[in-house]
Amino acid sequence: MEQTVIIGAGVMGLSIARQLKSKHRHIRIIDRSTPRMNASYAAGGMLGAQNEFFEDTPLYRLAMQSRAMMPETAKDLERETGIDIEYQKYGLIKVASNSHDITALHKQFQFLQSHDHTIKLLSLSEMAQRFPKLDPNQSAAFKIQDDGQINANIYTQALIKSVAHRESIELLTHTETTSISQKDNGGYHIHTSKGTFHADELIIAAGAWSGALLHHLNIHLPTHPVKGDVKLIASDYHGLQETIFNVNGCYIVPKKPNRFLIGATSEIDNWSTQNNRDNLNWLDRESIAMIPALKQGRIIKEWTGIRPITPDGEPIMGEVRPNLYVTTGHYRNGILLSPIVGKLMAQLVDGNHQAREILQPFQPHQHTI
């Protein structure tokens, strides 16, 4: 029986576990905390395959494929678990609320519209209607029709329930990995707060903590944590179905029932899990500037998430050493990319050569020092 260990029970680790061939394999997922208390839990749930990109790249193509996979992923999870992850596709409006961001927004629009003619700039009258507090002559926006969203918290719950139903998968929470060592025969020992586990195959999917785990094996990946402050409010406002994403990083994601998730600040190399009041105030100012009606909203909760990023912004995905794999650095696109990354990383572990070729641009050896 092949022993496969995945460190990390966020959406990446869980998605890989779901896709791995289970015959003759025991899969153990190890996480130091309770699932849902990580970047996956804090995420806005945006499926912004076009929102983050300014040129045609391998990552852009993966993002587009993954977005297309999410409706079927949602159906599969509901069939397996009975959980509706609240997939919806009302589109996304990308906004430049300051004149100095308009040039960049128009450049992005030109790229995206050359690939997707359904993407449209908002007219001056549409700007005035959508964003009454913004000066339509000093701001701009376009709408991406096919970007959507899910409820990231519920999605994580559904993935957990899905893997929990499978006899070949064991989920260990509250289990701290203290060290990792390589055996002479090529396998690995994972030393944890609940004992030592053997792995014939080891997959590191621990988000911003992935680099620190690989240090135990003298492998150095240039990954960094990015702290984000997020808040959820309740509001009687019914004028918004689309996600709003400002060039400055503030976004508003409508959620059921009559709620709005507002995020997110970005502080690199900050591991704090405490909210920063100045950051929350910034979210208030920026969100109300776009949608004034949200000023009357009632705060439900405020929290933080730690997202992983690399110096060039590209994720790291692939085989580091024989039977040692890593996937990290997805930054704001972890939820979006999880279906395709789960599939490709599982195929890679199972020896699929096509998956290896697709993941070639993201190979760890291009980042290790």
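In which sense do strand 13 and strand 18 pair, and over how many bridges? Strand 13 and strand 18 (residues 298–309) pair in the antiparallel sense over 11 bridges, where two strands count as paired if DSSP finds at least two bridges between them, and where strands (E, at least two residues) and helices (H or I, at least four) are DSSP runs numbered from the N terminus. The structure is a predicted model, in which local features need pLDDT of at least 70 and side-chain atom pairs count only at pLDDT 80 or more, while totals for chains, interfaces and linings use all residues. Residues are numbered from 1 along each chain as its sequence is written, and side-chain values use heavy atoms, with hydrogens and water left out.

Of the 11 residues of strand 13 (residues 224–234), 10 are buried, so the strand is largely enclosed by the rest of the structure; buried means under 20% relative accessible area, exposed over 50%, and partly exposed in between, with a 1.4 Å probe and protein chains only.

Another part of the model is an open sheet of 6 strands, which has the order 8-2-1-12-20-19 and mixed pairing. Its edge strands, each pairing on one side only, are strand 8 (169–172) and strand 19 (316–321). Inside this order, strand 1 (residues 2–7) pairs with strand 2 (residues 25–30) in the parallel sense over 6 bridges, and V5 stands opposite R28 in strand 2. D200, in the loop between strand 11 (195–199) and strand 12, is 196 residues from T4 in sequence, yet the two are 5.9 Å apart in space, C-alpha to C-alpha. D200 is partly exposed, with a relative accessible area of 23%.

Rings of Phe, Tyr and Trp (its six-membered ring) pair if their centres lie within 6.5 Å, and planes under 30 degrees apart count as stacked, over 60 as edge-to-face and the rest as tilted. By this rule the count comes to 6 aromatic pairs. The rings of F109 and F142 have centres 5.8 Å apart and planes at 45 degrees, so this pair is tilted. It links distant parts of the chain, since F109 belongs to helix 4 (residues 102–115) and F142 to strand 6 (residues 140–144), 33 residues apart. F109 is buried, with a relative accessible area of 13%, and F142 is buried too, at 0%. The rings of W209 and W271, with centres 5.1 Å apart and planes at 50 degrees, also form a tilted pair. W209 is partly exposed at 28% relative accessibility, and W271 is partly exposed at 41%. Elsewhere, ring pairs link F53, Y60 and F111 into a cluster.

Helix 9 (residues 334–349) brings the tour to an end. Helix 9 has a kink of about 40 degrees centred on I340, the bend at a residue being the angle between axes fitted to the seven residues ending there and the seven starting there. Of its 16 residues, 14 are buried, so helix 9 is largely enclosed by the rest of the structure. Just after helix 9, G351 takes a positive phi of about 90 degrees.
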